[in-house]
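Me: I'd like to learn how to read a few features of a structure. Could you walk me through them?
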Amino acid sequence: MNSLFPSIVSRSQSSGLMNFFVPIISIVLTLITGSIIFVLLGFDPVYALYTFFISPISSTYGISELFVKATPLALIAIGLSYCFKNNIYNIGAEGQLTMGAIFGGGIGILFHDTNAFWLLPLMIFAGAIGGALWGLIPAILKTKFNTNEILTSLMLVYVALFILDYLVVGPWKDPFGYSFPKSRPFSESGRMPLLFDGLRVHFGLIITLFLIFISWFIFAKTIFGFQLKVSGYSPKAARYAGFNQTTLVFFAFAICGAFAGIAGLAEVSGPIGLLYRDISPNYGFTAIIVAFLGRLHPIGIIFASLVIALTYLGAEDAQLFLQIPSAVGFIFQGLVLFYLLGAELLINYKLTYKKLL
Amino acid sequence: MIRIITFLSTFLVFAFGSAYADPKKVGFIYIGPPGDHGWTYMHDVGRKYMESQLGDSITTTYLENIPENADAVRAIRKLADSGHDLIFTTSFNYMDQTHEVAKDFPDIKFEHATGYIQADNVATYSARFYEGRMIEGHIAGHMTETNTIGYIASFPIPEVVRGINAFYLAASKVNPDIKMKIIWVFTWYDPGKEADAANTLINQGADIIVQHTDTYAPCQAAQKAGVYAFGQASNQEEFCPDAHLTSIEDIWGPYYAERAKAVVDGTWSSGDTWDGMDKGMVVMSPYNTKLMPASLIQEAVNMEVGIKDGTIHPFTGPIYNQAGELVVPEGEVAPDGMLLGMNFYVQGIDGEVPQ
């Protein structure tokens, strides 16, 4: 007689092919579950899925918006993969993004009446520094005091948001803004150049693609990338090999912070053009889903960022054309993550029914 | 035969096409969900009122939970792209985004709530909520026993500071010992934070809670603690019947119907509307007869009458700022320009406006 409940046993080897298919399987399962939800809500599932996933990108403007939305997600996710590959759980990218926006945006506000070619590069540089410094705080705490980086990086998100609050309500407030909480607009040369007239997709996309390419090179071709991977798989092996774990933690956090900082700066100097409180719709947190959906691989992350960006856009079209609440978009994001984790479990573990007698 | 039918149907379309014109599409951008029972809820009530008034000549849609960042541009543009003729953006921080989209769609009319910048196709509108604050202040001055008022404020923008001042001026007039404790929560919509702020204020001795945020959480906290509260945006009595004295209700329906009708008739023009109790845009919820003495209710009603006919103005001089300088001389009322940019406390309020 077999026991009623299966027990979970580790597989000796996980299938490489299945590893590749995990994201695709989870997206397909999400679509199926989504259709069931739509049917239960009383909608034609084909029309609903069309409204959700096709209609938002059926125009040039829609495709441009998809890239606008995917740019910060991809950039932060590729940064996060430096940490996650090394089993460092930095979930504070939102704070690092905010700090990047503050540092870079601060330069933009300081030079609000200057038009010069060096302004934007300086802002991008400052954004990277801001994000990296903010990322280094949990790195120092982890290496010096052995604190849990999940907690410290998360809590620093709120600190960063409060600093931004303070700045736009206080010292950086627009003197001509009726004391509303927002800064002066940046000068024209402090804005990300648009790639096409009339569309919002901006130079941040080029920066992102460039950094993704660099990251691919680092992961695949350099010793540093190899060290990240080894110490993630087996910290002990890494130590025997003489890799310095402290240095790795510092680099991973600094790079991730810098990427998130550039993403924040690209957002405020791209579509926004000034600083205010609500600069990011939680890009830093959503990028965690993107990083895992993309299997921490540069190409995977590009596709994953487009898929997740589409769930945001789709939620708006679904509201407009189907009168479905905006929360449906988050349901899709949640489903993707749920199936991803579930499939991952089944690839690395198997269920067995023990014999009781 | 087919040709005749084709001809006839073409003729019919042209002949009656103008009389039975396509309904105008009116879209709304909401900061929160319509179920917040506060700010967004009242805009949605206004939208439904507009529908009921204009019937088949309009259709309406809305996008909810639109963040006040770069996403708002896409949401507004989505309404513009999908053939809407009139678009209401119902939060202050949609200002730049509204103008960004409006300049690309000169034929579409936009209405931006609580903003201060107009364009040929962008009108602004707001309500003189501070008139209601004056009545709340008067009531609070009479009802408090600890002489301590707890005030939950959202952002230090003129609208909120104006409300605090209007409240205090009226309250201190009937009760010179009154003290205001103000907590800035820096959010419009966060039930948890709002309730925390209310509890903190109650622990500090406040026996009346005033809020300039969007949920009924503060009123419920007051009910639990056994103190009084004023609701915000909609009548919140059902959520806290033993605490609720009255609410300031935002009544947008008639304005929305008027503006939509203007679009249907082709008479819409840009402008800035700032209406108050006289036009019915600000309304006090029924005063709580269980908690308030009849004489006080009568005073409040009289005040409403005075505000409506212009004999009472919440900002009548002499008014001093915290430094003791006279800002509104005796016998004069504060001009709208001063009210629109108000970023200082009047004399008697402790603390500073967060700068």
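Me: Which residues form a nonpolar patch on the surface?

Reply: Some background first: this is a predicted model, where local features need pLDDT of at least 70 and side-chain atom pairs count only at pLDDT 80 or more, while totals for chains, interfaces and linings use all residues. Residues are numbered from 1 along each chain as its sequence is written, chains are lettered from A and ligands numbered from 1 in the order in which they are written, and side-chain values use heavy atoms, without hydrogens and water.

Patches are made of residues with over 30% relative accessible area and no salt bridge; nonpolar side chains (Val, Leu, Ile, Met, Phe, Trp, Tyr) are joined within 5 Å, like charges within 9 Å. A salt bridge puts a side-chain nitrogen of Lys or Arg within 4 Å of a carboxyl oxygen of Asp or Glu. Accessible areas come from the Shrake-Rupley method with a 1.4 Å probe, and for residues only the protein chains shown count as cover.

Here the patch includes A:Leu17, A:Phe21 and A:Leu40, and its members have about 1,000 Å² of accessible area together.

Me: Is A:Leu17 buried or exposed?

Reply: Buried means under 20% relative accessible area, exposed over 50%, and partly exposed in between (1.4 Å probe, protein chains only). A:Leu17 counts as exposed because its relative accessibility is 58%.

Me: Where is B:Ala233?

Reply: Strands (E, at least two residues) and helices (H or I, at least four) are DSSP runs, numbered from the N terminus. B:Ala233 belongs to strand S9 (residues 228-233) of chain B. Its phi is near 75°, a positive value in a residue other than glycine, and B:Ala233 counts as buried at 1% relative accessibility.
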